[in-house]
Amino acid sequence: MLKSYIKDIKNEFKGYDLLNFKQDLMAGITVTAVALPLALAFGVSSGATAAAGLITAILAGVVIGALSGGSFQISGPTGAMSAILVALFQKYGLEGVWIAGALAGLILILAGILKLGKVVSYIPTPVVTGFTSGIALIIAIGQLDNFFGVSTKSSESAAIKVLNFFSTPLNPNWYALSIGILVVVIMLIWPKKLNNIIPSSLIGLIIALSINMIFKLPVDIIGDIPQKLILDDRLSISSFNLDILKSVLVPAISIAALAMIESLLCGEVGKKMKGDTFDANRELIAQGIGNFIIPFFGGVPATAAIARTSVAIKSGARTRLVSMFHAVFLMLSMFLLAPIMSNIPLSALAGVLMVTAWRMNEWENIKYIFSKRFKGAILKFLITMFATVALDLTQAILIGVIFSSLLFIVKI
């Protein structure tokens, strides 16, 4: 595998010149503009901090980007991963998240060594689509408190969270709610042509931040963002013990499974967009190494991100240097802008995540499945989606695959 990596790197940088360097640099800046608000939002929505989201994006950009199975992959904290992590945080705290993340990294390395990179291709499309929609629902549900500026009883399940939210007398913080709605409106009406230059999510956060800094509104904010790469709150070797490893083994498998699915699907999409090669097994090893290292710096588990990867490719990315450039610019943002970013309202981040959750849905596939009235596909989609919201994400995938297999057996 090392020989193939060296060979691919040589091919990737063959004929590399100043023009290619400039293209990678500009693409890196563009991806940073997209990644910055998402890193902050996903860090908070994971149960960790905005700083943890930034650290995750920076380290994933360098470590996973350098070792990736493709020249185009951009990794970092994602909405799908935050959906798993917030439930894990509520049960085991940040230490549980870190240990599960490191353990998931080892599982991914093993999966890559065992050449399991093709497994994802056998998961039926309606199951993946249902899984994605379920995750989108979890993200949106998880942001209800921040969006409305309230605090309701925490729960391990998104379904129970909805019940808790609507069974509690709703007394919203109207300032927080107004900011959240403003960010949503900005992201929805922002012209697509301008979005390629300045992402709507970044504009929304800048406007929300400006309003909050001018009027000093009574809303919850991100809070202090440490200006250092190794956070005070991080995983240490002494945290590992047999009891905690047993407790987080199942969540670690869920994290590894999600990282595998997201990263390999992202790789396939990127490969088609760029017309380049992609080594699925090496990608798993890269994701594994990155996710094992990140918790020791205070970050949360990462995966390849389709949105950021597609932005990189559309921006003219030539090599994996784009991932590293975006990491460098994120680091500069953290060191230079941390005191300002600390005043971003949590409801503004919630607004970004609400729109992101909506856009996560594979609407073309959903429309096709329902318009053609494919009963089997519709059932696979709905069962997987509701299982994702109500149960563990790994269980949801298994239920979807098992149901698909049963339908196939019945059909033949």
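How many aromatic pairs does the structure hold? The structure holds eleven, where rings of Phe, Tyr and Trp (its six-membered ring) count as a pair if their centres lie within 6.5 Å. The rings of F148 and F165 have centres 5.5 Å apart and planes at 55°, so this pair is tilted, the term for planes that are neither under 30 degrees apart (stacked) nor over 60 (edge-to-face). F148 sits in helix α6 (residues 144–148) and F165 in helix α7 (residues 158–167), so the pair ties together parts that are 17 residues apart in sequence. Helices here are DSSP runs (H or I, at least four residues), numbered from the N terminus.

Both F148 and F165 are buried, meaning under 20% relative accessible area, with exposed over 50% and partly exposed in between (1.4 Å probe, protein chains only). F165 also pairs with F166: their ring centres are 5.2 Å apart and their planes stand at 85°, so the pair is edge-to-face. F165 has a relative accessible area of 3%, whereas F166 is exposed, at 63%. One aromatic cluster is formed by F147, F148, F165 and F166.

This is a predicted model, in which local features need pLDDT of at least 70 and side-chain atom pairs count only at pLDDT 80 or more, while totals for chains, interfaces and linings use all residues. Residues are numbered from 1 along each chain as its sequence is written, and side-chain values use heavy atoms, leaving out hydrogens and water. The predictor's confidence in each residue, pLDDT, runs from 0 to 100; the protein averages 90, and 99% of the residues score at least 70. Confidence is lowest in helix α19 (residues 393–411), at a mean of 76, and highest in helix α8 (residues 174–189), at 97.

Definitions and conventions: Helices (H or I, at least four residues) and strands (E, at least two) are DSSP runs, numbered from the N terminus.
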